[in-house]
Structures are given as structure tokens and as C-alpha cells.
Amino acid sequence: MAKYSDLVSFIVENVGGKDNILSVSHCMTRLRFHLKDYSLINEANIASNSKIATAQKAGGEYQVVVGTMVGEIHAELSSFLGLKSDDSQTAEKSDSLLNRIIQVITKSITPVLGVLMASGLIQGVLALLVACGVLQTTDGAYIILNVMGNALFNFFPIFLGYTAAKAFKMDGFVGMAIGACLVFPTILANLTSGDPLFTLFAGTIFSTPVYKTFFGIPVIFPTTGYTSTVVPIIISMYFTSKFEKFLKNHIPDIVAFTIVPFLTIAVCVPLTILAVGPIANFLSLLITAVITYLNNLSPVITSIVVGIVYQPLVILGLHWPLITIGITNMGAVGSDYIIPMIFTASFTQTAVVLAVYCKTRDKKIKNICVPAMISGCFCIIEPAIYGITLPVKKRFAFSIAGATVGAVIISLFGAKMYAVSVGVLGTVAFINPNGDMGGFYIAIIATLISMVVSFLLTFFTFNEQNPGAVSASGGDGTANLLIHSPLKGKTVKLENVQDASFSKGVLGKGIAISPSEGKLVAPCDGIVSNLFSTGHALGITSDDGCEILIHVGIDTVRLNGKYFTIRTKQGSRVKKGDVLVEFDIDAITKEGYSLITPVLVTNSDDYFDIVETTSESVDYLEQLIRVLPNKKENAGKLAEA
């Protein structure tokens, strides 16, 4: 069951049912319904639901305020109604081709990443057991463990067929069926056995013998098959989703349940095998050839490049292509040299955090360090990056320096991985299935050296600082947290804002500003945790955990981004004063919209109190709100701070 399925069903039922909904969109906190008949709304029921902050009819639409989780709720609602999410439409229009490709790869691989790591770990443990003489390859235990470790890889296109289909918003089981066709047990032998009829692209890296034809069309099937492959099934799902959508739009619902899957599979499986698969395979071979060429030319240069770029790519979410190439190599030749080059990165992040833990006197920082180190040992480095290293840029640079040293050592000694496994348990993936332990020892040595480099650089240059903090004083956990003004203009009490969801405080406590300039800046150091595509609203999570919502104007979502220019990205780290959004005050006002901008602390309940400025006007970055920590025993002290 989906997370918000009960709430979605409740809302749909009480706005008059599916047939009464013409369309639905959302902004930062509310669902916006366009209905056929507004008299069918059961306002009493909606108001009684504790998960709904408030609801109202305004501007020819019905607005249901559900809070900052509105994006997830809207996605489930769109799926429930059979609609396409407006967010996805916006993303498709605004994102670059590269970003969309990376997003699809991420969406396709992430759901199976845990099982992928588990399978790699089983393979590593099995290799260790063989190397130690505990098991022989003929033992029943070896056979079962080998199946456990390799099943996912052998049938990878089936798993990715489902996840990629979901990423493209089509029937996941059709995706599984197409993936199964690519790895059907007898297809490889039947399409690549006997004497070839002829060879395409002979003498090149794309050389492919042709053994069979499909109604006269050459079947270009790789001799290694499509087990363990990533790219072919994902590309196939892209075209398949388009064809499935076409069929659904032209086939009557009464027969669509059977006819759509039938035609989709009947057309797209041959298309995948005859065209998509070979093209994707050629692209993978080309990428692999380029990296192989670079590695053969200079493994050191290759490892330096990979070591330097990997961690910044993690922040940008662009690291998946490297992982994909590694998985492709693993499937093609049974080993990989790309993932080993990034293997030490999680350990260098951990080493930097350990150095900070040893040097800092700030209890809050120490508390962040402990879980960050534990996560880092298992290659989950986001807590370390965002909590400890990135706020002090030199720490992040020291982690990169250590990881690069580790990558160079691993490349110089030619250590390879034979399974996809990372973190402290991933060292066993360096054990060659033939029992050779050389790569295992090199991996441990490289990891230790890289950690020492990052640790010492951090330890001996450390100074007690927290540039990301928004504290007014001290570091003892009793300081006020300051939120500075993101705008220049006159202040407005929240209860005077002409919108019930803001004026009643249902979304949090705070204050509003009537801006005199069309520029919105970051009120503190933190992460842009939520950014609406129209630019009219955004959320920032400060480095102290304060969740801030800034909503430029009332109902300005209706402008659909007109007159707004976004200067940041969701997930970006920002510093106090960074320009986030620019907007045309005169043009928006002429359109008839109020520009009164609420600035709210949406997690107000986590704090003792929220104290707004008493000034009638504020300039950029002047004190706007004081957030008092949730310690009543310190209330008197804090009030005087």
C-alpha cells in the first residue's frame, strides 16, 4: 500500500469522486483541484481530517492544504487518478538530456541497489571461503551460494525491466516480460550457435557475427548475451513506454487490459532484440573501449581523474554513470577496474569525520560524527558530506585527496573487483575467484593509506568552526538560532496574511514580508530541501535542522513561473545571502497578485518558541526570527540573549 493511499482516497471521495476532478496540481503546501461541480465537496468531512491543515475555495479552484509533503501526496494522487504528474512534465521540459538520462538510471538502479550489494557480498564471501579452502567448487554449499550470489546478475534485465518501466510510468510487469525475453535460458545458445551467416563490422570493436535472421532481418545478438546488462533494457523501456501510451490512447478500455500488453510485447521485444539492444550494446562497448584505452594509456591518469571527480559527482547525483560502466564491465568480463578507483572514497570521508570527532569540543558536532562514521563504513557518505565535510570546504578537499591517493595505488597494482560490493565488507570483492588474494591485500593497504592521508590533513589543519551554523551565540546547545531576512521590505504579522493556511499558523510559525525589491536570498546556511519548479516557493533546511518555508506572494503559483527566475537548484548547499530567486515585482502586481511573502518555521513544534522581529521593516539579512531551542529550563536565559 502506498504511503498516503488512505488520505488520497479520502480526499478524492470528498471532492466528489474521480469523475468530478478535471485536473489537479500542487504548490509547496496544497493540492489545487479544478472540479466539474464544486457543490459536491463535503467540506465538513475534509475539515475533520487531522491530516488536512485546512481547505478552501479560491480563484476558481479548491485548495486542500496538506503541508510540505504535498509532492509525494500529489504523485500518489496522480497515479490514483491515472494522470501524469505536473512535476514530471515540468522536469521533462526543463531538465537537460543528460540530467534526464541520469535520473532514469538512478531511478532504475536505486530500488535494487540493496539486493545488488547483498549479491556482491555473497560472491565476496564465497570467494573468501574458496580461497581459505573451506569450500570446493563441487560442494553443494558452493553451488547454492553461487546461485545466491549470481541470480540477480544473471536476470538483471528482468529486475531493471520492472524498475525502468516504473521510472517511465508504464506497466512494470510488461517491463519484466521484455527483460525476461532478453535473458531467456535458451535464447543465447539458439541465436549464437552454429556457423555464422556473415559478420557485421568485422575488424572493429563492434564486430558481431550473425547466426540467425528475423524474417530476413539480421539478428545482432551479443555472444555474451544480455545478462548483467543495464543500458539495453533501460533504453528499451523508454521506447516501450511511448508505444504503450500510444496504444492506451487508441484502444478502447473494454479490451485494453489484454490487447495493450499483447501488442506492446509483440512489437517491442523484436524491436529491442533487433535494434535497441544492439545499439545500446554498441554504445556500452564504445564507452568501455574509451575508458579501457585511457586506462591502457595511463592507469594513473585515469585513477586521478576518477578519484577527483567521484565525490563531487555524488553531491550532484551524477555518479551513476561510473557505477553503470563498472556493472557493465563486471557482466562482460567478470571483473572491473572502475569501481575499485572509487572504493576508498567512503573511507576517506569517514577518516575526515574521525579527525573532526577527535578535535572538536562541540558536543553537537560529535553527535553528528558518530552516525556519519558508521554510515561511511558501509559506503553511505551523504551524512558525512552534508553534516561534516562540505560545510568546511577544505575537509571535503582532504577527503578527495585521500581518495585519489587510494585510487592511484589500486590502479598501479592492477587490483580489480570481481563483484559489486563496497564499504568495509567490500574488500572481499577484490578476491579473485581463482583464489588469488593479491587484490584483497592491495585494497586494504590502499584504503588504510588513503584514510591516513585524509585524517592527518584534517587533524593538523583543524580549527573549531562551524561556518554553516545560524547560532546567535555559543555552541553549548542553548543558543538561539537566527533566521535572517531573505527580502527587503515591510514586515507583516502572519495573522494579517490573506490566506488561512498561513494566517492560522497551520504550516508553522513565522512572519511575512511585503518586498520592495525582487530578490530573494538565503536566510541562513543550509540545503535547499524543496524548490517548486515555478520559483514562487522554496524550503531550506538550516545546518541546525530548522525547516524554513518561503512563499513569495499569495496564489502566485498560478503564474506558472512567469516573472520568476530561479538561481539555485533543489538539493544545493547555499550560504546566507546567496541569491535564490529573482522576481519582477511590478509585473506580478499588475497581474493582480499580492506579493506578501510568509517566512515560516514549518517544524515549529520542535522548538520552545519562535520569536519574530518587532521592526516594521527589514533589510536583507537583518535578524527576522529567533528560534528558541526546546529546553524550557533555558527559556529565561534565552529570552534575554
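Where is the place of Ser411?

Reply: Ser411 sits in helix H19, residues 393-412. Helices (H or I, at least four residues) and strands (E, at least two) are DSSP runs, numbered from the N terminus. The model is predicted: local features need pLDDT of at least 70, side-chain atom pairs count only at pLDDT 80 or more, and totals for chains, interfaces and linings use all residues. Residues are numbered from 1 along each chain as its sequence is written, and side-chain values use heavy atoms, leaving out hydrogens and water.

Ser411 counts as buried because its relative accessibility is 12% (buried is under 20%, exposed over 50%, partly exposed in between, with a 1.4 Å probe and protein chains only). Beyond its neighbours within four places in sequence, Ser411 touches Pro299, Ser303 and Met341 (contact means heavy atoms within 4.5 Å).

Now the strands. Strand S11, residues 509-515, has five of its seven residues buried, so the rest of the structure largely encloses it. S11 pairs with strand S10, residues 489-492, in the antiparallel sense over four bridges (pairing takes at least two DSSP bridges). There, Thr491 has Ile513 of S11 as its bridge partner. S11 also pairs with strand S19, residues 597-601. That pairing is antiparallel too, over five bridges. Here Ala512 has Pro598 of S19 as its bridge partner.
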